[in-house]
Amino acid sequence: MPDLVTAEIKLRNGDSNLLECLSSAKHLSLCLTPYLNEYLTSEFNHLVSLEICIICFLDWFCPILELSPILRVLKLRQIHCSSNRDLENQWENPCCVPECLISSLETVEWVGYQGRRVEREMAIYILENANCLKTMTITPSISTSWEEKTKMLIELTSTSRCSLKPGFSFSFIPGSSI
């Protein structure tokens with residue numbers, strides 16, 4: 001599909017060949033089956049905007065970002081995913097920083113942030129390694145208490161060097177819902 005501009009895909013077992021058809025897309029919304037990243041071989045050289053389920057993104061973080069060199073907008077959402085995975089043991093800092101974090105990612109929007117260790121580590125990794133990042137907006141889950149939201153904000157802002165970047169805007173929207 002050489003002229004594909006936008007696609008919304010929920011990819012499950014056995015559907016991995018579809019990924020090859022998405023390589024020309026500029027905007028993708030994805031919910032992906034974990035552990036299919038060995039099927040991800042095409043580069044997304046035109047992809048500028050990616051919306052992805054946070055549960056799926058843990059498995060796809062490096063593969064999808066490494067193959068998306070000009071990605072400018074990343075939206076992480078708690079999509080109603082069929083995966084029942086324990087997120088706490090899923091994150092390890094990548095051994096190398098994906099190209100789009102170094103040279104193009106400008107905006108991150110995270111809706112449904114719950115402040116779990118794995119989410120915090122991923123958010124801090126993005127904040128510290130996205131050299132072109134201009135805006136990061138985090139909206140906690142509606143079920144999160146005010147005390148927890150305050151703690152999340154302090155953890156994110158005190159442990160990352162993001163506030164030192166000129167022109168950077170960090171938004172934490174505590175009163176919003178998903």
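Q: What is the relative accessible area of Trp110?
A: This is a predicted model, so read the values that follow as computed from it. The cut-off for calling a residue buried is under 20% relative accessible area. Trp110 counts as buried, and its relative accessible area is 0%.

Q: Which residue forms an aromatic pair with Trp110, edge-to-face?
A: The two ring planes sit at 85 degrees, and edge-to-face needs over 60. Centre to centre, the rings are 5.1 Å apart.

Q: How many aromatic pairs does a search of the whole structure find?
A: Phe61 and Tyr125 make one of them, with ring centres 5.7 Å apart. For the whole structure, the search comes back with two.

Q: How many residues apart in sequence are the parts that the pair of Phe61 and Tyr125 ties together?
A: The planes of these two rings are at 75 degrees, so this pair is edge-to-face. Phe61 is buried at 1% relative accessibility, and Tyr125 is buried at 7%. Phe61 belongs to helix 1 (residues 54-66) and Tyr125 to helix 3 (residues 117-129), so the parts being tied together are apart in sequence by 64 residues.

Q: Is helix 1 largely enclosed by the rest of the structure or largely open, and how many of its 13 residues are buried?
A: The buried residues include Trp60, Phe61 and Pro63. Among what covers the buried residues of helix 1 are strand 2, strand 3 and helix 3. Helix 1 is largely enclosed, because the number of its 13 residues that are buried is eleven.

Q: At which residue does helix 1 bend?
A: End to end, the C-alpha atoms of helix 1 are 17 Å apart, which agrees with the 18 Å that its 13 residues should span at 1.5 Å a residue. There is still a bend of about 75 degrees, and a proline, Pro63, follows within four residues of it. The bend is at Trp60.

Q: Which residue in strand 3 is the bridge partner of Ser29?
A: Strand 2 (residues 27-32) has five of its six residues buried. Strand 2 runs parallel to strand 3 (residues 49-53), and four bridges join them. For Ser29, the bridge partner in strand 3 is Glu51.

Q: Which residue lies over the face of Trp146?
A: Here the thing to check is a charge over a ring, where the cut-off is within 6 Å of the ring centre. The distance from the ring centre of Trp146 is 5.5 Å. The residue over that face is Lys149.

Conventions. Residues numbered from 1 in each chain as written. Predicted model: local features only at pLDDT ≥ 70, side-chain atom pairs only at ≥ 80, totals over all residues. Heavy atoms only, no water. Buried < 20%, exposed > 50% of the residue type's maximum accessible area, 1.4 Å probe, protein only. Helix = DSSP H or I, 4+ residues; strand = E, 2+ residues; numbered from the N terminus. Pairing = 2+ DSSP bridges. Phe/Tyr/Trp six-rings, centres within 6.5 Å; stacked < 30°, edge-to-face > 60°. Lys NZ or Arg CZ within 6 Å of the ring centre and 35° of its normal. Expected span 1.5 Å × (residues − 1). Bend = angle between axes of the 7 residues up to and from the residue. Contact = heavy atoms within 4.5 Å.
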